[in-house]
Amino acid sequence: MKLIDALAVARRPVAENASLLRAFLACGFTPLHLETFLVAALSDRSPMERVEVATGLFGDLAGNIERISAEDHDVLVAIIEWQDLDARLGIRSLGGWRAEELPDIVKSAERMMGRLEKAIVSAADLLPTYISLPTLALPPLFATPSQQTSSYELQLRLCVNRFAAALATHPRIRITSTQRLDEMSPLATRFDIQSELSAGFPYHLAHASAMAELLAALIRDSGPKKGLITDLDDTLWSGILGENGVDGISWHLDQQTHVHGLYQQFLASLASAGVLTAVASKNDPALVERAFEREDLLIRKKSLYPIDAHWGPKSESVRRIVKTWNIAADAVIFIDDSPMELAEVKAAFPEMECLLFPKSAPQAFWQLLRRLRDLFGKSIVSEEDSIRLQSIRAAASLPDSSNGDSTSLDSFLQEARASVVFTFGKQKDDRRAFELINKTNQFNLNGKRLNEASWATYLDDPTSFLMTASYEDKYGPLGKIAVLLGHLQGTAATIDYWVMSCRAFSRRIEQQSLSWLFEKFHLRELHFDYQQTDRNKPIYDFLSGIAGTPLTGDIRVSMSSFFEKCPPLFHQIKAAVNG
Amino acid sequence: MDNLEHRLVRCFSSVFPSLNEDQIRNASVDSVPDWHSLASVTLISVVQEEFGVQVGLMDLPNLVSFSAVQNYVQHHVAT
């Protein structure tokens with residue numbers, strides 16, 4: 001983005017009732033155009049949001065971070081450059097570059113990194129924190145020629161890497177990728193010495209723009225896709241199964257088909273991180289079954305579910321798979337080597353991203369892998385991620401309660417040996433609960449989302465409560481699948497947020513949750529802040545069932561009316577309190 | 001208004017959005033209260049990026065009006 005455009009975007013009017021994002025940009029230099037670019041990049045990503053960026057004092061990065069207050073800001077963005085670690089690593093100070101001073105520069109930088117680490121961890125306990133590590137080249141202060149790395153330079157870089165590796169384990173700290181920035185902004189064109197000398201701003205505009213784009217992408221992450229549907233022939237493997245046979249398909253270096261092996265390895269990696277992976281293939285199902293018995297496949301059959309092989313249109317398979325997964329089509333990527341198949345699926349699911357598998361173009365294949373990593377990338381792989389596919393498989397064996405056959409569901413649930421763990425407490429670092437509130441669409445009381453700041457504020461309210469539910473039955477664990485946030489007012493409670501993963505449907509966990517709430521807090525009435533959204537019909541159906549009336553904004557359900565309508569519940573209940 | 005002048009007006013407008021075109025053409029450090037040091041740095045950066053010129057440190061103090069910036073750009077922009 002050019003500066004002139006960034007200024008225009010930063011001044012673009014937003015609605016008066018727009019939500020506000022208050023970022024604190026901590027840096028040791030004059031923030032100048034980086035501030036403008038950051039406002040513009042964030043505004044571009046969230047046009048309905050008003051963005052305010054505050055800055056601190058010149059030359060005091062650590063102090064700026066140490067002074068941050070969660071009351072005034074929603075996120076912290078800290079930009080570290082070499083001169084913040086020791087002023088002699090910049091050019092505005094003339095502290096000396098003599099050879100005998102180099103060990104002291106390294107020691108002093110180490111000390112500053114210790115101080116910064118402490119300050120950043122304290123800040124991250126208060127609010128989400130985004131860090132940019134030094135992006136500029138070190139000045140020519142070492143005795144070595146530029147083609148040789150100095151041991152002092154290596155010590156400095158080691159120190160920065162240790163510092164970053166320690167911070168990256170914190171759940172609320174995100175560090176920008178230096179590799180990605182290298183691709184966006186060549187190292188040799190980053191430093192603007194004239195601007196640094198005249199205004200204390202060290203970046204060329206293009207570099208400042210690239211940094212802002214990268215930070216905005218991290219701060220306003222659009223959220224990962226959930227599922228990937230892949231073709232088989234000339235995609236998951238090279239060759240046509242029906243023509244070449246089980247032993248004729250390949251994915252190895254010696255057959256020049258290695259990209260298919262890499263693709264299998266990549267899909268296995270996605271599956272292990274909780275991405276749903278399935279197969280849509282025009283093939284003989286029995287032959288596909290045999291192909292998946294090959295021991296040298298890099299992705300196991302159990303990681304792919306469902307495997308839908310037949311001779312009908314691919315869109316039919318995709319429709320069945322999406323229904324089995326119970327997720328929206330726009331959360332799914334479809335991959336095939338045939339442009340015709342891609343077009344057919346795209347016509348049936350315009351909201352689905354359909355990507356070509358470039359079987360004969362290794363460079364394009366490499367770009368595909370990188371694109372997929374971006375589409376499915378997530379900061380933390382949770383326990384729930386690792387059991388997602390297993391629980392969907394288990395759900396497929398559930399009887400369909402929507403056909404009104406409650407007797408078969410009763411007997412199924414009775415046999416399921418289900419247990420529910422309800423957790424009461426107000427742990428702000430419960431990332432899974434926070435994630436469920438912000439990504440669940442179908443069983444969602446009102447579609448309202450919470451940012452980190454409003455989540456913390458909500459939990460700080462003494463009348464508020466947070467209840468989570470984790471579920472397990474003989475088919476396996478589902479992990480933490482429901483979150484309920486509300487306020488207590490005497491013998492009534494108002495439910496402000498209630499979400500449940502679609503994987504947990506048809507197990508009567510929603511009824512058990514309310515039953516447990518009534519019991520736990522000795523309530524006589526529950527109020528629900530219900531609002532219709534484009535996708536929350538499942539909760540509408542549930543609530544209209546227990547309310548017994550058409551739904552309006554504020555739904556009230558008495559204890560007696562709830563238990564009158566509540567079907568039999570068979571779960572074993574364990575309650576835990578933390579926080 | 002020639003193309004260079006039009007582009008320069010756009011640069012000024014991005015930094016001083018409250019000024020109309022006439023005010024921009026007559027703008028100077030003395031006549032525009034918002035033309036402080038930070039605005040100067042931003043304006044020169046926008047102009048450098050728009051016209052692909054590098055304003056020298058010694059020239060900066062002289063660029064105190066629209067016409068001064070216009071003259072500078074006319075003399076330094078590659079034609």
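Me: In which loop of chain A is A:Arg508 found?

Reply: A:Arg508 is found in the loop between strand S15 (492-500) and helix H20 (509-520) of chain A. Helices (H or I, at least four residues) and strands (E, at least two) are DSSP runs, numbered from the N terminus. This is a predicted model, in which local features need pLDDT of at least 70 and side-chain atom pairs count only at pLDDT 80 or more, while totals for chains, interfaces and linings use all residues. Residues are numbered from 1 along each chain as its sequence is written, and chains are lettered from A and ligands numbered from 1 in the order in which they are written.

Me: What is the phi of A:Arg508, and is A:Arg508 buried or exposed?

Reply: Most residues other than glycine have a negative phi, and most peptide bonds are trans. In A:Arg508, phi is positive, near 60 degrees. To judge burial, one counts the other C-beta atoms, placed from the backbone, within 10 Å of a residue's own: 20 or more make it buried, 12 or fewer exposed, and a count in between partly exposed. A:Arg508 is buried, because 22 other C-beta atoms lie within 10 Å.

Me: Which phi does A:Asn326 have, and where is A:Asn326 found?

Reply: A:Asn326 is not a glycine, yet its phi is positive, at about 60 degrees. Its place is the loop between helix H13 (314-325) and strand S9 (332-336) of chain A. A:Asn326 is partly exposed, since 14 other C-beta atoms are within 10 Å.

Me: What kind of peptide bond leads from A:Tyr305 to A:Pro306?

Reply: That bond is cis, with omega near -5 degrees. A:Pro306 itself lies in the loop between helix H12 (285-291) and strand S8 (307-310) of chain A.

Me: How far apart are A:Pro339 and A:Leu355 in sequence and in space?

Reply: They are 16 residues apart in sequence and 8.8 Å apart in space, C-alpha to C-alpha. A:Pro339 lies in helix H14 (residues 339-348) of chain A. A:Pro339 is exposed, because its count is 10 other C-beta atoms within 10 Å.

Me: With which residues is A:Ile91 in contact, leaving aside its neighbours within four places in sequence?

Reply: Two residues are in contact if their C-beta atoms, placed from the backbone, lie within 7 Å. With those neighbours left aside, A:Ile91 is in contact with A:Pro139, A:Ile193 and A:Glu196. A:Ile91 and A:Pro139 are 48 residues apart in sequence, and their C-alpha atoms are 7.6 Å apart in space. The place of A:Ile91 is in the loop between helix H4 (82-85) and helix H5 (102-126) of chain A.

Me: At what angle do the axes of helix H1 and helix H2 of chain A cross?

Reply: Two packed helices are described by the angle between their axes and the distance between the axes. Axes are lines fitted to C-alpha atoms, for helices over the stretch in contact, and angles run from 0 to 180 degrees between N-to-C directions. The axes of H1 (residues 3-10) and H2 (residues 32-45) of chain A come within 8 Å and cross at roughly 60 degrees. That angle makes H1(A) oblique to H2(A); angles under 35 degrees count as roughly parallel, over 145 as roughly antiparallel, 65 to 115 as roughly perpendicular and the rest as oblique. Among the residues of H1(A) that meet H2(A) are A:Leu3 and A:Leu7.

Me: How do the axes of H1(A) and H1(B) compare in distance and angle?

Reply: These axes come within 9 Å and cross at roughly 40 degrees, and H1(A) and H1(B) are therefore oblique to each other. In this contact, A:Ile4, A:Leu7 and A:Ala8 in H1(A) meet B:Arg10, B:Cys11, B:Ser14 and B:Val15 in H1(B).

Me: How many residues of chain B are in contact with chain A?

Reply: There are 12 residues of chain B in contact with 12 residues of chain A. On the side of chain B that touches chain A, helix H1 (3-15) and helix H3 (37-51) of chain B each supply at least two residues. The largest share, 5 residues, comes from H3(B).
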